[in-house]
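Trainee: I would like to go through the labels used for this structure. Please set each one against its definition.

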Amino acid sequence: MPGDKKLETAEELLELYNDLEKLKGYRYSQPVVSQCGINNEEFHTDLPFQEIKEIVEDCRDTFLAAVPETERSGLRWEHVGSTSIKGMPGTKMPDALLIVPEFPPSRGVIQAFLDCSYYFSASSSLDIKDLWWFLVFHEGILQDHKLTVHVVTEDNPAANILLDCRNMCRTEEWAFNDYKEAKVEAAKSASFPEYKKGKGANSKLLGMLREKYKQNK
């Protein structure tokens with residue numbers, strides 16, 4: 001089934017974000033078909049942590065430079081997900097949070113994404129106010145892979161799960177091992193969607209965090 005049309009102006013996107021019923025049903029898909037035979041769903045047991053970290057930091061700096069100066073201090077960018085945890089296996093698809101003061105994000109933030117070649121795909125199926133923006137890389141070690149930026153407010157449960165997962169995996173051995181083992185086991189799945197589903201279902205850490213933020217809603 002074909003998805004919705006790509007929204008390419010800040011006006012269109014603000015209108016969508018202000019209509020939660022319409023936002024809930026919106027899905028725009030832009031698959032990357034590599035001309036070089038790159039499999040962007042490949043699971044890597046040894047991710048190039050430092051190189052990806054520097055790429056994500058460069059994306060942060062480029063994006064924030066495009067945001068109106070008066071708005072920058074109210075934004076917070078956080079590298080999250082497997083590529084933000086040294087030694088964690090996974091795909092070469094980085095994730096970041098852009099924490100904004102309120103929902104929906106401002107026109108200036110939306111325009112900065114568009115000016116930096118990101119596109120809006122959908123809100124998370126788990127949380128309508130977790131907005132997923134994507135940037136496709138066309139060169140370097142992340143060629144034909146995507147950066148996902150989750151645009152959220154500070155109290156967003158999905159964002160806090162991502163932050164706590166990262167922070168605990170960086171500081172607590174049991175959390176790192178639990179998440180790593182869940183990912184390695186899930187990677188044996190036949191398909192990429194099964195891998196994504198399996199790593200969440202089999203991790204005690206993620207189960208604990210989901211319960212924590214479910215209670216805090």
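Mentor: Start with helix H6 (residues 157–171), where Pro157, Ala158, Ala159, Asn160, Ile161, Leu163, Asp164, Cys165, Arg166, Met168 and Cys169 are buried. Buried means under 20% relative accessible area, exposed over 50%, and partly exposed in between, with a 1.4 Å probe and protein chains only. This is a predicted model: local features need pLDDT of at least 70, side-chain atom pairs count only at pLDDT 80 or more, and totals for chains, interfaces and linings use all residues. Residues are numbered from 1 along each chain as its sequence is written, and side-chain values use heavy atoms, with hydrogens and water left out.

Trainee: What makes H6 largely enclosed by the rest of the structure?

Mentor: 11 of the 15 residues of H6 are buried, so the helix is described that way. Helices (H or I, at least four residues) and strands (E, at least two) are DSSP runs, numbered from the N terminus.

Trainee: How do you know that the length of H6 agrees with its 15 residues?

Mentor: The expected span is 1.5 Å times one less than the number of residues. For H6 that gives 21 Å, and the end C-alpha atoms are 21 Å apart, so the two agree.

Trainee: Why is H7 called roughly antiparallel to H8?

Mentor: The axes of H7 (residues 173–186) and H8 (residues 192–201) come within 8 Å and cross at roughly 150°. Angles under 35 degrees count as roughly parallel, over 145 as roughly antiparallel, 65 to 115 as roughly perpendicular and the rest as oblique. H7 is therefore roughly antiparallel to H8. Tyr179, Ala182, Lys183 and Ala186 of H7 make the contact with Tyr195, Gly198 and Lys199 of H8; contact means heavy atoms within 4.5 Å.

Trainee: Why is H1 called oblique to H5?

Mentor: The axes of H1 (residues 10–17) and H5 (residues 107–115) come within 9 Å and cross at roughly 125°. That angle makes H1 oblique to H5. On the H1 side Ala10, Glu11, Leu13, Leu14 and Tyr17 take part, meeting Arg107, Ile110, Gln111 and Leu114 in H5.

Trainee: Why does Asn18 count as exposed?

Mentor: Asn18 sits in the loop between H1 and helix H2 (20–25). Its relative accessibility is 55%, so Asn18 counts as exposed.

Trainee: What is the peptide bond between Phe103 and Pro104?

Mentor: A cis bond, with omega about 0°. Pro104 belongs to the loop between strand E2 (95–100) and H5. Most residues other than glycine have a negative phi, and most peptide bonds are trans.

Trainee: Is Ser117 buried or exposed, and is Asp144 buried or exposed?

Mentor: Ser117 has 55% relative accessibility, so it counts as exposed. Asp144 has 10%, so it counts as buried.

Trainee: What makes Thr148 count as buried?

Mentor: Thr148 lies in strand E5 (residues 146–153). Thr148 counts as buried because its relative accessibility is 10%. Leaving aside residues up to four places away in sequence, Thr148 touches Pro94, Asp95, Ala96, Trp132, Trp133 and Phe134.

Key. Axes are lines fitted to C-alpha atoms, for helices over the stretch in contact, and angles run from 0 to 180 degrees between N-to-C directions.
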